Amino acid sequence: MKRALPVLVLSIAGLVPVWLYEPSLGVTSSEASTATTPSVSSSGSSGSSSTVVQGTTVTTEKGDVQVEVTFAGTKISSVRMLKQPNHPQTTAAVPVLIKETLAAQSADIDTVSGATITSDGYKESLQAAIDSQADSAAASPSPSGSTSAPAAESASKVVSGTAVDTEKGTVQVEVTFEGDSIASVKMLQQPNHPQTTAAVPVLIEETLAAQSADIDTVSGATITSDGYKESLQAAIDAKG
(Lines give C-alpha, C1' and ligand atoms only; values in the text may rest on other atoms or scores of the structure.)
Protein backbone atom coordinates (compact mmCIF):
# COMPACT_ATOMS: atom_id res chain seq x y z
CA MET A 1 0.00 0.00 0.00
CA LYS A 2 2.85 2.40 0.71
CA ARG A 3 4.19 1.76 -2.82
CA ALA A 4 0.80 2.23 -4.43
CA LEU A 5 0.38 5.80 -3.13
CA PRO A 6 3.40 7.29 -5.02
CA VAL A 7 2.27 5.54 -8.19
CA LEU A 8 -1.20 7.07 -7.90
CA VAL A 9 0.26 10.56 -7.32
CA LEU A 10 2.50 10.24 -10.36
CA SER A 11 -0.45 9.12 -12.51
CA ILE A 12 -2.51 12.14 -11.51
CA ALA A 13 0.43 14.45 -12.18
CA GLY A 14 0.82 12.95 -15.67
CA LEU A 15 -2.80 13.68 -16.56
CA VAL A 16 -2.61 17.39 -15.71
CA PRO A 17 -0.77 18.41 -18.94
CA VAL A 18 -3.27 16.40 -20.97
CA TRP A 19 -6.22 18.33 -19.48
CA LEU A 20 -4.45 21.66 -19.94
CA TYR A 21 -3.61 21.05 -23.61
CA GLU A 22 -6.78 19.30 -24.76
CA PRO A 23 -7.60 20.69 -28.28
CA SER A 24 -10.68 22.88 -28.68
CA LEU A 25 -13.67 21.41 -30.50
CA GLY A 26 -15.08 24.80 -31.50
CA VAL A 27 -15.18 26.31 -35.04
CA THR A 28 -11.97 28.02 -36.07
CA SER A 29 -12.01 31.54 -37.48
CA SER A 30 -11.27 30.30 -41.02
CA GLU A 31 -14.19 27.86 -40.90
CA ALA A 32 -16.52 30.57 -39.64
CA SER A 33 -15.56 32.94 -42.42
CA THR A 34 -16.13 30.25 -45.02
CA ALA A 35 -19.58 29.51 -43.71
CA THR A 36 -20.64 33.14 -43.93
CA THR A 37 -19.14 33.94 -47.32
CA PRO A 38 -21.87 35.59 -49.43
CA SER A 39 -22.58 34.65 -53.03
CA VAL A 40 -20.52 36.61 -55.54
CA SER A 41 -22.47 39.36 -57.30
CA SER A 42 -19.64 40.91 -59.28
CA SER A 43 -16.14 40.08 -60.39
CA GLY A 44 -13.41 42.07 -62.04
CA SER A 45 -10.75 39.42 -62.55
CA SER A 46 -9.01 38.82 -65.89
CA GLY A 47 -10.51 41.99 -67.34
CA SER A 48 -14.05 40.56 -67.34
CA SER A 49 -16.89 41.47 -65.02
CA SER A 50 -20.13 39.84 -63.96
CA THR A 51 -22.97 41.78 -62.43
CA VAL A 52 -26.07 40.41 -60.74
CA VAL A 53 -29.17 42.60 -61.00
CA GLN A 54 -32.59 41.96 -59.50
CA GLY A 55 -35.67 42.94 -61.48
CA THR A 56 -38.70 44.52 -59.89
CA THR A 57 -41.25 42.36 -58.11
CA VAL A 58 -44.32 42.16 -60.34
CA THR A 59 -47.60 41.30 -58.64
CA THR A 60 -49.91 39.21 -60.83
CA GLU A 61 -53.22 37.41 -60.37
CA LYS A 62 -51.30 34.16 -59.93
CA GLY A 63 -48.67 35.51 -57.54
CA ASP A 64 -45.49 37.60 -57.43
CA VAL A 65 -42.88 37.25 -60.16
CA GLN A 66 -39.28 38.45 -59.81
CA VAL A 67 -36.11 37.54 -61.68
CA GLU A 68 -32.41 37.89 -60.97
CA VAL A 69 -30.19 38.40 -64.00
CA THR A 70 -26.45 37.81 -64.23
CA PHE A 71 -24.68 39.91 -66.86
CA ALA A 72 -21.25 39.06 -68.24
CA GLY A 73 -20.31 42.51 -69.45
CA THR A 74 -23.41 43.50 -71.42
CA LYS A 75 -24.47 39.93 -72.20
CA ILE A 76 -27.13 38.05 -70.23
CA SER A 77 -25.35 34.92 -69.01
CA SER A 78 -28.04 33.51 -66.70
CA VAL A 79 -31.49 34.18 -65.25
CA ARG A 80 -32.76 32.91 -61.91
CA MET A 81 -36.27 33.10 -60.49
CA LEU A 82 -36.50 34.77 -57.09
CA LYS A 83 -40.30 34.68 -56.92
CA GLN A 84 -42.83 32.80 -59.01
CA PRO A 85 -46.42 31.54 -58.66
CA ASN A 86 -46.80 28.01 -57.33
CA HIS A 87 -48.61 26.63 -60.36
CA PRO A 88 -47.83 23.74 -62.74
CA GLN A 89 -48.11 26.08 -65.74
CA THR A 90 -45.50 28.39 -64.23
CA THR A 91 -43.16 25.51 -63.40
CA ALA A 92 -43.32 24.35 -67.02
CA ALA A 93 -43.07 27.85 -68.49
CA VAL A 94 -40.06 29.19 -66.56
CA PRO A 95 -37.36 27.04 -68.28
CA VAL A 96 -38.77 28.02 -71.67
CA LEU A 97 -38.77 31.73 -70.78
CA ILE A 98 -35.18 31.55 -69.53
CA LYS A 99 -33.96 29.73 -72.66
CA GLU A 100 -35.67 32.29 -74.89
CA THR A 101 -34.09 35.10 -72.88
CA LEU A 102 -30.59 33.68 -73.29
CA ALA A 103 -31.18 33.27 -77.01
CA ALA A 104 -32.76 36.68 -77.60
CA GLN A 105 -30.52 38.54 -75.11
CA SER A 106 -33.50 40.76 -74.33
CA ALA A 107 -37.02 40.76 -72.91
CA ASP A 108 -38.46 40.66 -76.43
CA ILE A 109 -39.52 37.02 -76.18
CA ASP A 110 -42.68 35.05 -76.86
CA THR A 111 -45.36 34.44 -74.24
CA VAL A 112 -45.58 30.78 -73.22
CA SER A 113 -48.97 29.32 -74.11
CA GLY A 114 -51.00 28.52 -70.99
CA ALA A 115 -48.87 30.79 -68.80
CA THR A 116 -49.63 34.25 -70.18
CA ILE A 117 -49.89 36.00 -66.82
CA THR A 118 -46.59 34.57 -65.56
CA SER A 119 -44.90 35.29 -68.91
CA ASP A 120 -45.96 38.95 -68.81
CA GLY A 121 -44.76 39.32 -65.23
CA TYR A 122 -41.47 37.63 -66.10
CA LYS A 123 -40.85 39.93 -69.04
CA GLU A 124 -41.67 43.04 -67.01
CA SER A 125 -39.28 42.07 -64.21
CA LEU A 126 -36.62 41.05 -66.76
CA GLN A 127 -36.89 44.37 -68.62
CA ALA A 128 -36.51 46.26 -65.34
CA ALA A 129 -33.26 44.38 -64.63
CA ILE A 130 -31.97 45.06 -68.15
CA ASP A 131 -32.80 48.77 -67.85
CA SER A 132 -31.07 48.96 -64.48
CA GLN A 133 -27.94 47.34 -65.89
CA ALA A 134 -27.96 49.68 -68.90
CA ASP A 135 -28.30 52.73 -66.66
CA SER A 136 -25.37 51.56 -64.52
CA ALA A 137 -23.23 50.91 -67.59
CA ALA A 138 -24.04 54.35 -69.02
CA ALA A 139 -23.12 56.03 -65.74
CA SER A 140 -19.76 54.26 -65.55
CA PRO A 141 -16.97 55.71 -67.75
CA SER A 142 -15.33 53.30 -70.14
CA PRO A 143 -11.69 52.68 -69.12
CA SER A 144 -10.64 51.84 -72.67
CA GLY A 145 -11.88 55.06 -74.24
CA SER A 146 -14.76 55.85 -76.56
CA THR A 147 -13.32 54.10 -79.64
CA SER A 148 -14.03 50.55 -78.37
CA ALA A 149 -17.83 50.83 -78.33
CA PRO A 150 -18.31 51.56 -82.06
CA ALA A 151 -15.93 48.71 -82.88
CA ALA A 152 -18.00 46.26 -80.81
CA GLU A 153 -21.23 47.49 -82.37
CA SER A 154 -19.90 47.15 -85.90
CA ALA A 155 -19.01 43.49 -85.18
CA SER A 156 -22.67 42.60 -84.55
CA LYS A 157 -24.83 41.62 -87.49
CA VAL A 158 -28.46 40.44 -87.62
CA VAL A 159 -29.46 38.18 -90.52
CA SER A 160 -32.89 36.70 -91.27
CA GLY A 161 -32.99 33.20 -92.72
CA THR A 162 -35.34 32.20 -95.50
CA ALA A 163 -38.98 31.44 -94.65
CA VAL A 164 -39.37 27.68 -95.03
CA ASP A 165 -42.88 26.36 -95.67
CA THR A 166 -43.53 22.99 -94.00
CA GLU A 167 -46.56 20.74 -93.54
CA LYS A 168 -46.97 22.17 -90.03
CA GLY A 169 -46.47 25.82 -90.99
CA THR A 170 -43.81 28.37 -91.90
CA VAL A 171 -40.46 28.36 -90.10
CA GLN A 172 -38.07 31.31 -90.17
CA VAL A 173 -35.20 32.29 -87.89
CA GLU A 174 -33.28 35.48 -87.23
CA VAL A 175 -29.63 35.09 -86.26
CA THR A 176 -27.44 37.62 -84.46
CA PHE A 177 -23.73 37.23 -85.16
CA GLU A 178 -20.93 38.65 -82.99
CA GLY A 179 -18.04 38.58 -85.39
CA ASP A 180 -18.07 35.01 -86.71
CA SER A 181 -19.91 33.58 -83.71
CA ILE A 182 -23.65 32.96 -83.42
CA ALA A 183 -24.67 35.04 -80.41
CA SER A 184 -28.42 34.40 -80.47
CA VAL A 185 -31.25 32.93 -82.52
CA LYS A 186 -34.80 34.25 -82.57
CA MET A 187 -37.86 32.70 -84.18
CA LEU A 188 -39.63 35.02 -86.61
CA GLN A 189 -42.16 32.40 -87.69
CA GLN A 190 -43.00 28.96 -86.34
CA PRO A 191 -45.91 26.49 -86.39
CA ASN A 192 -48.43 26.84 -83.59
CA HIS A 193 -48.02 23.32 -82.22
CA PRO A 194 -47.05 22.03 -78.76
CA GLN A 195 -44.25 19.97 -80.28
CA THR A 196 -42.79 23.05 -81.93
CA THR A 197 -43.08 25.12 -78.76
CA ALA A 198 -41.16 22.46 -76.85
CA ALA A 199 -38.61 21.87 -79.63
CA VAL A 200 -37.57 25.46 -80.41
CA PRO A 201 -35.63 26.14 -77.15
CA VAL A 202 -33.77 22.86 -77.64
CA LEU A 203 -32.89 23.70 -81.24
CA ILE A 204 -31.64 27.16 -80.27
CA GLU A 205 -29.56 25.78 -77.41
CA GLU A 206 -27.96 23.21 -79.71
CA THR A 207 -27.26 25.92 -82.30
CA LEU A 208 -25.44 28.11 -79.78
CA ALA A 209 -23.39 25.11 -78.67
CA ALA A 210 -22.57 23.82 -82.17
CA GLN A 211 -22.21 27.30 -83.76
CA SER A 212 -23.65 25.83 -86.95
CA ALA A 213 -26.77 24.24 -88.45
CA ASP A 214 -25.24 20.78 -87.99
CA ILE A 215 -27.49 19.88 -85.05
CA ASP A 216 -29.74 16.96 -84.10
CA THR A 217 -33.40 16.76 -85.02
CA VAL A 218 -35.69 17.01 -81.99
CA SER A 219 -37.73 13.83 -81.52
CA GLY A 220 -41.41 14.42 -82.20
CA ALA A 221 -40.73 17.63 -84.13
CA THR A 222 -38.87 16.40 -87.19
CA ILE A 223 -40.66 18.67 -89.69
CA THR A 224 -40.09 21.80 -87.60
CA SER A 225 -36.47 20.79 -86.95
CA ASP A 226 -35.75 20.37 -90.65
CA GLY A 227 -37.35 23.74 -91.46
CA TYR A 228 -35.41 25.39 -88.64
CA LYS A 229 -32.08 24.00 -89.83
CA GLU A 230 -32.78 25.03 -93.43
CA SER A 231 -33.63 28.62 -92.43
CA LEU A 232 -30.66 28.72 -90.07
CA GLN A 233 -28.23 27.53 -92.74
CA ALA A 234 -29.58 30.19 -95.13
CA ALA A 235 -28.87 32.88 -92.53
CA ILE A 236 -25.34 31.55 -91.98
CA ASP A 237 -24.70 31.48 -95.73
CA ALA A 238 -26.09 35.02 -96.15
CA LYS A 239 -23.81 36.32 -93.40
CA GLY A 240 -20.82 35.07 -95.38
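User: Where do I start if I want to know what "partly exposed" stands for?

Analyst: Buried is under 20% relative accessible area, exposed is over 50%, and partly exposed is in between (1.4 Å probe, protein chains only). Take Glu-205: at 46% relative accessibility, it counts as partly exposed. One caution: this is a predicted model, where local features need pLDDT of at least 70, side-chain atom pairs count only at pLDDT 80 or more, and totals for chains, interfaces and linings use all residues. Residues are numbered from 1 along each chain as its sequence is written, and side-chain values use heavy atoms, with hydrogens and water left out.

User: Got it. How many salt bridges are there?

Analyst: Side chains of opposite charge can pair when their charged atoms come close. For a salt bridge, a side-chain nitrogen of Lys or Arg must be within 4 Å of a carboxyl oxygen of Asp or Glu. This structure has 4 salt bridges.

User: Which residue does Glu-205 meet in a salt bridge?

Analyst: Its partner is Lys-99, at 3.6 Å from N to O. Glu-205 sits in helix α6 (residues 194-210) and Lys-99 in helix α3 (residues 88-104), so the pair ties together parts 106 residues apart in sequence. Helices here are DSSP runs (H or I, at least four residues), strands likewise (E, at least two), numbered from the N terminus. Lys-99 is partly exposed, at 33%.

User: And Arg-80, which residue does it form a salt bridge with?

Analyst: That's Glu-68, with the closest N and O atoms 3.0 Å apart. Arg-80 belongs to strand β5 (residues 75-83) and Glu-68 to strand β4 (residues 64-72), so this pair links parts 12 residues apart in sequence. Glu-68 is buried at 13%, while Arg-80 is partly exposed at 48%.
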